[in-house]
Amino acid sequence: NYWDPKNSFDHENTKYYERLYDRIKSKITPESNMRVLDVGGGAGKFLNYLGISNAIILDSSDSGLNIARKRFGFNTIKGDIRIKFPFKNETFDFIYCCEVLEHLIHHEGILQEIFRVLKKEGKLVISVPNLPADGFHHKKRFKKKELNRLLNKCNLNIIKSFYNPKINGGHSFKEIFSDKNARIILKKIISNV
C-alpha cells in the first residue's frame, strides 16, 4: 500500500520532483517516439512530472499500478523487478530506475535485466538518494564510485552523471545560510537534520 493516497508521501504538493529534477529535466526526458520502461515506477508520478504519456511501468505495488493506470493512463505490468523481466531482449529505447535501488538488496540482477531489455543504443536514467540506509525503508546507501563500478560491471556505460546538492527538505546549504534571520537558519538546519 505504499502508493495509497492515505499512506503515501505527497510528491506533487511538496514539489518533490521539481526540487530534485528541474535543472536536469530536459536531459533525462526521451523523445516522444521512444519505447519507455519505468522499473519500479510505482504510481507513475515521476513519468507524469516528466511529461511522458506513453510508457510501461513495471512494479509490484497494486496501489501504485492502479493509480498509474487510472489517473495517468500508463500501461502497467505487475511483477517482481528482482527476477527476470517479462520482456524480450532489447525491447526499450529508454529506461528509468529512479529512487528504487536503495530499497533493495540485490542490485546486480536488476541492472543485468535492465541491460538485457535495453536496446544497444538505448539510455538508462538511474537516481539514488545520498541518504544513510535505515535498514527498513532504505536498505543501501550508494556512493558515486560504488554505483559507477556496479553499472560498469553490468555492462552499462556511464554517459553523464549529475549530482543534486539539495539536502533533505529541498534546501541547499547556500540557500540555508543566505537567510539573515538566525532563527530561520536554525529552524531550517534542524528540519534538514
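Which helix lies across strand E2 and E3?

**View 1. Helix H3 on the sheet.** Helix H3 (residues 62-70) lies across strand E2 (56-59) and E3, and runs at about 165° to E3. Helices (H or I, at least four residues) and strands (E, at least two) are DSSP runs, numbered from the N terminus. Axes are lines fitted to C-alpha atoms, for helices over the stretch in contact (heavy atoms within 4.5 Å). Angles run from 0 to 180 degrees between N-to-C directions. This is a predicted model in which local features need pLDDT of at least 70 and side-chain atom pairs count only at pLDDT 80 or more, while totals for chains, interfaces and linings use all residues. Residues are numbered from 1 along each chain as its sequence is written, and side-chain values use heavy atoms, with hydrogens and water left out.

**View 2. The open sheet.** Five strands, in the order E3-E2-E1-E4-E5, form an open sheet with parallel pairing. Strand E3 (75-78) and strand E5 (118-127) are at the edges; each has a single partner strand, so one side of each has no neighbour in the sheet. From one strand to the next, the twist averages 20°. Two strands pair if DSSP finds at least two bridges between them. Strand E1 (residues 36-39) and E4 pair in the parallel sense over three bridges. Val36 has Phe94 as its bridge partner in E4.

**View 3. Cys97 and Cys98.** Why does the structure hold zero disulfides? A disulfide is a covalent bond between the sulfur atoms of two cysteines. Here the term is applied to a pair of cysteine sulfur atoms within 2.5 Å. The closest cysteine sulfur to that of Cys97 is in Cys98, 7.1 Å away, which is too far for a bond. Both residues are buried (under 20% relative accessible area; exposed is over 50%, partly exposed in between; 1.4 Å probe, protein chains only). The relative accessible area is 0% for Cys97 and 12% for Cys98.

**View 4. Two loop residues with positive phi.** Most residues other than glycine have a negative phi. Glu99 is not a glycine, yet has a positive phi of about 55°. Glu99 lies in the loop between strand E4 (92-98) and helix H4 (107-117). Asn155, also a residue other than glycine, has a positive phi near 65°. The loop that holds Asn155 is between helix H5 (144-153) and helix H6 (173-178). Asn155 counts as partly exposed, at 49% relative accessibility.
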